[in-house]
Amino acid sequence: MPTQQTIRYQRRLPIRYDVDVFVAGGGPAGMAAAVTAARGGASVYLAEAHVCFGGMGTAGMLPIFMPFGDRRNFCADGFGREVLGRLRSAGGMAPGVGENELAPRIRCEALKRVYDDLAADARFQFTFQTAFLDVQREGDRVACAICASKSGTFAVRARVFIDATGDGDLCARAGAPFEKGDANGTMQPGTLVSLWTDIDWSRAESNGHGIWRQESDLPRAFADKVFTIEDNHLPGIIPVGPHTGGGNVGHAFGVDGTDDRSLTKAILWARKSLVEYERYYREYLTGYEQAWLAATASLFGVRETRRITGDYVLSADDYASLATFDDEIGRYNYWIDIHPSSADKKDFADHVKWRTSPMKEGESYGIPYRTLTPRGLRNVLTAGRCVSTDHVVQASLRVMPGCYITGQAAGLAAALAARAGGGDVRAIDVRDLQRRLKAVGAFLPNFAERPSTIGPVVTPETLEPGKKVGEER
């Protein structure tokens, strides 16, 4: 391979924003972080590369949330409850869908307006179509973020930086360690979500719980060579209106969401493959005979890329043991939702093995604050699917309610760190953070007012790893 040519490019940039907290990305985690930080008294600027807030729930057209609660407790409480309540008031949810149901359904346009209103009410600064590019690092701190918009390239100076990009872009640019995929570096596939119309839901086969069976005739379609790739996993089209559905349909295998060339190839394939799914639905399934593909999302759905290594890596053992932590900032309960890494039958079997059943009523696992603090960076926090977990737990925590939990905690922690001076995210009183999180509604059943055993500096050495819920301290 020939040596890649390079150029040296240097210029002076204006510092357009000088704030307490900079948030990279306005998806569910970034919105939770920015709103919570602003309400906590911090000045905030958020840069969003797309044309709306919300990420997959809006631009990505994903028609469902995953669980907000464990059927007994509302795990994504605080910001998550507020989003859900505002969405319901705006008529943005399918009728009869409860707060703790398996998968509350979304009208994406309504959710866009909900996020717009939240941003306006919180009064933080933001711009759309503004891409985060790079950082200026000074020692173990990030001094400035570099962004690019239609009006040019500029810098943002902040005391605390929150990486809510999903891909861990800010942390990676700053030199933080990270992992991608499983032990072999293999990541989950992506999906281009789609909008479908003219579906007769009264005739479509359902399991009675709002999930429509659509995999039943895949073997016959495979025999008829309908599909270029024989993919046995079909999450399917989900009702979002009387004759309309949102399609979490098809996979782009082998995609690396941190590589623009890989993403481009995946998006082109995904658009092409949906023509095959249109034939499948119309010719092989009851109720879809007149169905047609109306649109595809403007944002490609990436399930997994970088996981930034923090002071603690949340593990499959923590998930299985329903672990609790002294520095817990939330709890969550979604099952391990790992999509198969290829259409190979062995990969599909491994995927089925990992797709655990939903946790029992009232069960959840803890999320320690240390999963939000990237190693080697003093004034940076992560939020959303790039927080510090292993490959297995990431497949649970990556969804929107999980992003609300980590984003809310990151936003409040950032406000506290900025107020304390210096922006050191490990210098805050974690017990004070937990107290304030409870005050805004966070689900922290293991926090109780008692003399603190946690020092102001959070490190892997000063805090215990996970314990089972109810285990004596």
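**Notebook: sheet, cores and rings**

I started with strand 9 and strand 10 (residues 244-248), which pair in the antiparallel sense over five bridges. Within that pairing, I237 stands opposite G247 in strand 10. I note that the model is predicted.

Four strands form an open sheet, in the order 9-10-8-11, with antiparallel pairing. Strand 9 (236-241) and strand 11 (292-296) are at the edges; each has a single partner strand, so one side of each lacks a neighbour in the sheet. On average, neighbouring strands are turned by 35 degrees against each other, direction ignored. I then checked what packs on the sheet: helix 6 (residues 260-284) touches strand 8 (194-197), strand 9 and strand 11. The direction of helix 6 makes about 155 degrees with that of strand 11.

I moved to the cores. The largest nonpolar core holds 99 residues, and F124, Y332, Y369 and L381 touch the most other members. Helix 10 (residues 400-420) gives the most to this core, 13 residues. Another core, of 23 residues, lies apart from it and includes F132, V142, A158 and L377.

Then I looked up rings. I count 26 aromatic pairs. F65 and Y404 form a tilted pair, 6.5 Å centre to centre, with 55 degrees between the planes. F65 sits in the loop between strand 2 (44-47) and helix 2 (79-89), Y404 in helix 10, 339 residues apart. Are these two buried or exposed? F65 counts as buried because its relative accessibility is 0%. Y404 is buried too, at 1%.

Last, I checked charges over rings. R16 lies over the face of F154, 4.0 Å from the ring centre. R306 lies over the face of F178, at 5.3 Å.

Note on methods: Residues are numbered from 1 along each chain as its sequence is written. This is a predicted model: local features need pLDDT of at least 70, side-chain atom pairs count only at pLDDT 80 or more; totals for chains, interfaces and linings use all residues. Side-chain values use heavy atoms; hydrogens and water are left out. Two strands pair if DSSP finds at least two bridges between them. Helices (H or I, at least four residues) and strands (E, at least two) are DSSP runs, numbered from the N terminus. Axes are lines fitted to C-alpha atoms, for helices over the stretch in contact, and angles run from 0 to 180 degrees between N-to-C directions. Contact means heavy atoms within 4.5 Å. A nonpolar core is a set of buried Ala, Val, Leu, Ile, Met, Phe, Trp, Tyr and Cys residues joined through side-chain atoms within 4.5 Å. Buried means under 20% relative accessible area, exposed over 50%, partly exposed in between (1.4 Å probe, protein chains only). Rings of Phe, Tyr and Trp (its six-membered ring) pair if their centres lie within 6.5 Å; planes under 30 degrees apart count as stacked, over 60 as edge-to-face and the rest as tilted. A charge sits over a ring if NZ of Lys or CZ of Arg is within 6 Å of the ring centre and within 35 degrees of the ring normal.
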